[in-house]
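Have the structure open while you read.

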Amino acid sequence: MSHLRGRFDKPADNLVATYTASLAGDRRLYRQDIAGSIAHAKMLAKQGIITADEAKQIIDGLATIQNAIEQGKFIFNDELEDIHMAIEARLIELIGEAGRKLHTARSRNDQVALDVRLYVKEAVADTIGGIRGLQASLLDLAEANIGVAIPGYTHLQAAQPVLLAHHLLAYFEMLQRDIARFNDCFERTDVLPLGSGALAGVAYNIDREFLAKELGFGKISANSLDAVADRDFIIDYQAAAAMTMLHLSRLAEEICLWSSVEFGFITLDDAYATGSSIMPQKKNPDVAELARGRTGRVFGGLTALLTMLKGLPLSYNRDMQEDKVVLFEAVDILLPTLAVFAGMISTLRVNAAAAQAALGRGYILATDLADYLVKKGESFRTAHESVGKLVAYAIEKGKDFSQLDIKEYQKFSPRFSEDVYNISVASSLAARDVPGGTAPGRVKRALAAARAAIAAKGEE
Ligand code: ARG
């Protein structure tokens, strides 16, 4: 390709051309690139920089190219460096001289910044849509099993009973924060860089506000050097994606644990589980495991982006071409993970009996016994110690709390009386009637509030 080599005596070495090309990856930006070029051509014509007829030829040519790409008929010439050159070169082939005017008052530096911003804005919308879908699945599962209690854990040791719905709503909250981070990323991405030229602005009477309007940007960049050098918005996306994957990896781990024979709280639908090549009994949670595993690649991408940008002098540097490799991988991991999790969550079965059996183990009502003594006038620390000794005694006798007679209780505190047998999982849950607590009434209201939050966002 003779393009861009006016000042050279010979073509780039093949190795160099291959080493520097990004077309294989950035061709997915074709829609954004064409939209940006159409807006640019309209603006150039409106400002009298090119004629209306030239703009029309350019716009029609770009529409033809978009069609060809979407029908799989476009020939991507590997000799062209990137999607911007591939489209421009084809446009010139199609319409000739008018095509050679498209790049007036523009540089690939503001062009690529524009294309990626358009891409990230769409990716944010898709991501938030995916998160909402998963949240809806979590709420459906919570509602369908509103009466089910499970052991809540700290240190992965049975701690206190909680409603399964309460546990699932914890993930709803994490995902709410993720949405807030993506919305924040959107705000920062919604800034038009076009019109910044290579780095210093352009020497034509352009209309950047018109471009912003055409392309749906909330505002225009304030500094041309920053506009072509800024990739913070990609890091914002990547960081939000890393946090979302982190949350999904925690959910993934619980799905692995809960679907094990040892826990047995859930059974994955056959369509969301895989078998073993040797052990006929196995039903493996591979979807959850792969999500947990892929989380590392998104974290790694964040480190790659931070390192790529660190210490780069202003303004554009070719290092920045690497941003898209990382960003696209994050999108390609995050979106399918959200979608497959929504399906996995909405098809799994909850085994209430297994959860109930687990609640009968591990002296999970010990805190309630201590609270009982406190209500009878004991100090909490003394109650804690008395119940601790009672637990040690019960373990030694191989009994659970309900199997101890009242005399045995009273060895540890004279404040115990017959009403101690009223302590149950239900009383334990009901007692935690504080904002944010697991009491059934609180959880029902939290569920309703979560539904309302999703519905309100849907109307925006
Ligand atoms: N492929 C390049 C990138 O992704 C486009 C911008 C190239 N600009 C340049 N001056 N070489 O960053």
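How far from a nitrogen atom of the ligand does a polar side-chain atom of Asn109 lie? The distance is 3.1 Å, a polar contact (a pair of N or O atoms within 3.5 Å; within protein, one must be able to donate a hydrogen and the other to accept it, and residues adjacent in sequence count only if both atoms are side-chain atoms).

Before going on: this is a predicted model, where local features need pLDDT of at least 70, side-chain atom pairs count only at pLDDT 80 or more, and totals for chains, interfaces and linings use all residues. Residues are numbered from 1 along each chain as its sequence is written, and side-chain values use heavy atoms, with hydrogens and water left out.

**Around the ligand**

- Ser22, Asp82, Arg108, Asn109, Val112, Tyr316, Gln321 and Lys324 surround the ligand, each with a heavy atom within 4 Å of it.
- Asp82 puts a polar side-chain atom 2.9 Å from a ligand nitrogen, and a side-chain N or O atom of Lys324 is 2.6 Å from a ligand oxygen.
- On its own the ligand exposes 340 Å², and the protein buries 87% of that (Shrake-Rupley method, 1.4 Å probe).
- Helix 6 (residues 108–144) gives the largest share of this shell, three residues; helices are DSSP runs of H or I, at least four residues, numbered from the N terminus.

**Leu29**

- Leu29 sits in the loop between helix 2 (23–26) and helix 3 (30–46).
- With a relative accessible area of 0%, Leu29 is buried (under 20%, with a 1.4 Å probe and protein chains only).
- Beyond its neighbours within four places in sequence, Leu29 touches Ile83, Asp115, Val116, Tyr119, Lys324 and Phe328 (contact means heavy atoms within 4.5 Å).

**Helix 11 and what follows**

- The 24 residues of helix 11 (286–309) should span 34 Å at 1.5 Å a residue, and the end C-alpha atoms agree at 35 Å apart; the expected span is 1.5 Å times one less than the number of residues.
- Buried residues of helix 11 include Ala288, Ala291, Thr295 and Val298, and their cover includes helix 9 (224–229), helix 10 (232–258) and helix 12 (322–347).
- After helix 11 comes Gly311, with a positive phi near 75°.
- Leu314 and Ser315 are joined by a cis peptide bond, omega about 0°, and Ser315 lies in the loop between helix 11 and helix 12.

- Tyr363, in the loop between helix 13 (352–359) and helix 14 (366–375), has phi near 50°.

Definitions and conventions:
Helices (H or I, at least four residues) and strands (E, at least two) are DSSP runs, numbered from the N terminus. Buried means under 20% relative accessible area, exposed over 50%, partly exposed in between (1.4 Å probe, protein chains only).
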